[in-house]
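Welcome, and thanks for opening the viewer. Please load the model, colour it by secondary structure, and follow along one selection at a time.

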Amino acid sequence: MKDLGINIKELRQEKGITQEELAEMTNMNLRTIQRIENNETTPRGNSLNAICDALQVELTDLTPANNRSAENRIVKIIAEIVFLISLNIAIMAVFGFLTLDTAANRNSRLGAYLLSVFIPFAIIFITPSMNPIKRVLKFGAGLIVYMIMALILITFPEPVSIMKGLIPSIIIYLAILFYGNLILKMIRI
């Protein structure tokens with residue numbers, strides 16, 4: 001992360017202004033400009049405004065907090081993407097295990113149906129104000145892809161077992177994710 005002085009130095013160099021010229025433009029001492037650029041001192045108030053005017057930039061363009069918040073946003077977005085991908089893969093694995101596994105039986109399919117109700121309701125309680133389409137895309141994209149892949153990749157004798165468990169449980173899951181807020185409103189009345 002860059003400091004204020006480094007930002008000032010880089011902007012000054014980009015504009016082709018020497019330290020002496022910046023000192024003249026801001027009515028500051030050359031040594032003061034050098035100290036600012038070396039982060040030995042921090043300009044405040046009128047000095048900072050004079051530097052912004054001389055470099056023809058806004059104060060927000062210089063402040064390192066602006067850089068940190070942008071970096072924090074990027075890290076937050078990456079963490080959210082990794083979490084959502086992991087969550088979708090985990091949900092896909094659970095539904096696949098409960099419905100498509102060779103040992104899948106009526107009880108495991110019942111477990112898949114129960115999870116296809118309880119997991120989306122838990123998500124709805126956590127994200128009550130989220131747009132339903134956005135919720136389905138964030139928390140159900142993995143299952144949508146999984147359902148399409150299962151329909152394409154599985155051979156002829158297998159679709160019966162898919163219809164018994166995987167497809168209905170995924171449809172229930174996605175429908176509750178989408179219509180969950182309406183369902184909750186109906187229950188509360």
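A residue is called buried when its relative accessible area is under 20%, exposed when it is over 50%, and partly exposed in between, using a 1.4 Å probe and protein chains only. This is a predicted model, where local features need pLDDT of at least 70 and side-chain atom pairs count only at pLDDT 80 or more, while totals for chains, interfaces and linings use all residues. Residues are numbered from 1 along each chain as its sequence is written, and side-chain values use heavy atoms, leaving out hydrogens and water.

**The whole protein.** Look at everything to begin with: there are 10 helices and zero strands, where helices are DSSP runs (H or I) of at least four residues and strands are runs (E) of at least two, numbered from the N terminus. Of the 189 residues, 34% are buried.

**Select Pro132.** This residue lies in helix H8, which covers residues 132-153. Pro132 counts as partly exposed because its relative accessibility is 25%.

**Select residues 166-188.** This is helix H10. Among the buried residues of H10 are Leu166, Tyr173, Leu177 and Leu184.

Axes here are lines fitted to C-alpha atoms, for helices over the stretch in contact, with angles running from 0 to 180 degrees between N-to-C directions. That angle makes H7 oblique to H10, since angles under 35 degrees count as roughly parallel, over 145 as roughly antiparallel, 65 to 115 as roughly perpendicular and the rest as oblique. Show side chains for the contact (heavy atoms within 4.5 Å): H7 contributes residues including Tyr113, Pro120 and Phe125, and H10 residues including Ile172, Leu177 and Arg188.

**Finish with residues 19-26 and 30-37.** These are helices H2 and H3, whose axes come within 8 Å and cross at roughly 110°. That makes H2 roughly perpendicular to H3. Which residues of H2 meet H3? Gln19, Glu20, Leu22, Ala23 and Thr26 do, against Leu30, Ile33, Gln34 and Glu37 of H3.
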